[in-house]
Amino acid sequence: MYIIAGLGNPGREYENTRHNTGFMVIDEAAEKYNINVTEKKHKALIGKGIIGGQKVILVKPQTFMNLSGESIREVIDYYKIDEKAELIVISDDISLEAGAIRIRKRGSAGGHNGLKNIILHLGHDEFQRIRMGVGEKPQEYELIDYVLGRFDEQDSKLIAASVKEAAEAIEVMITDGPDAAMNNYNKRKSIPIPRT
């Protein structure tokens, strides 16, 4: 069984913001694989279904981004999965250009508060993740305003395409493993972040 958790903030005011790209991927996967993600459990909205012949639980934590780990820890404990092999977390990433996808088998939070909280609650960073590029923050923006902002028309098209790709990548990760998915989807370059 796999737990696939997309990160975001609950509430209509946060819909389609950069920080909610993880939720967008869960919604796309739910539609693609006919899974109803409406059950309220474990501080999340969850849905049970089949992807690539495997049982999956799709998860949208409702704790707000900075406490995502609370919900994911509860789901893992309840379903007793091996989080190092059977957890996939989807999050936004400002160090990747809009529309880029980066799949990893482990890694640091990279300054992402949702991932940071998951790592805190799991006690390690060895879980699979799909990082969704949302574009670099312009200098004049505060980080919080940027990630809670919405995409412009051009970026919206790139994100819509990458969300579809990420939903496909989930199936590849389940059926063929993360290395195959990395080979297929880790194509575009990340944005260089100036070191201060």
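## Valine 59 and its surroundings

User: Which residues does valine 59 touch, leaving aside those up to four places away in sequence?
Analyst: In this predicted model, valine 59 touches Ile3, Ile4, Ala5, Gly6, Ile26, Ala44, Leu45, Ile46, Ser71 and Val75. What makes each of these a contact is the cut-off: heavy atoms within 4.5 Å.

User: Why is valine 59 called buried?
Analyst: The limit for buried is under 20% relative accessible area. Valine 59 has 0% relative accessibility, so valine 59 counts as buried.

User: Where is the place of valine 59?
Analyst: Valine 59 belongs to strand E4. Six of the eight residues of E4 (residues 54-61) are buried, so this strand is largely enclosed by the rest of the structure.

User: What makes E3 and E4 a pair, and how do they run?
Analyst: Two strands pair if there are at least two bridges between them. Strand E3 (residues 44-51) has eight bridges to E4, so the two count as paired. They run antiparallel, with lysine 48 opposite isoleucine 57 in E4. Two residues lie between the strands of this hairpin, where glycine 52 takes a positive phi near 55°.

User: How do you know that E1 pairs with E4?
Analyst: The test is again at least two bridges. Strand E1 (residues 2-6) is joined to E4 by four bridges, so the pair qualifies. These two strands run parallel, and isoleucine 4 stands opposite leucine 58 in E4.

User: Which residues touch the most other members of the largest nonpolar core?
Analyst: They are Ile4, Ile51, Leu58, Ile130 and Ile170, in a core of 34 residues. Helix H6 (residues 153-176) gives the largest share, nine residues. Apart from this core lies another, of 20 residues, including Leu7, Ile57, Ile72 and Leu122.

User: What does isoleucine 130 touch, not counting residues up to four places away in sequence?
Analyst: Among its contacts are Ile88, Val89, Ile90, Ile101, Ile103, Ala166, Ile170 and Met173.

User: How do you know that there is space in the largest pocket?
Analyst: Rolling a probe the size of a water molecule over the atoms shows where empty space is left. The largest pocket holds about 590 Å³ of space.

User: What lines the largest pocket?
Analyst: Its lining has 27 residues, with Ile94, Gly110, Gly111, His112 and Asn113 nearest the centre. Strand E5 (87-93), helix H4 (113-122), strand E7 (128-133) and helix H5 (143-147) each give two or more residues to the lining. By class, ten lining residues are nonpolar, eleven polar and six charged.

How values were computed: Residues are numbered from 1 along each chain as its sequence is written. This is a predicted model: local features need pLDDT of at least 70, side-chain atom pairs count only at pLDDT 80 or more; totals for chains, interfaces and linings use all residues. Side-chain values use heavy atoms; hydrogens and water are left out. On a 1 Å grid over the protein atoms alone, a cavity is a set of points where a 1.4 Å probe fits but cannot get out, and a pocket is an open set with protein on both sides within 12 Å along at least five of seven lines; lining residues have an atom within 4 Å of a point. Grid points are joined across faces, edges and corners, and a volume is the space filled by probe spheres set on the points. Ala, Val, Leu, Ile, Met, Phe, Trp, Tyr, Cys and Pro count as nonpolar, Asp, Glu, Lys and Arg as charged, and the others, Gly among them, as polar. A nonpolar core is a set of buried Ala, Val, Leu, Ile, Met, Phe, Trp, Tyr and Cys residues joined through side-chain atoms within 4.5 Å. Buried means under 20% relative accessible area, exposed over 50%, partly exposed in between (1.4 Å probe, protein chains only).
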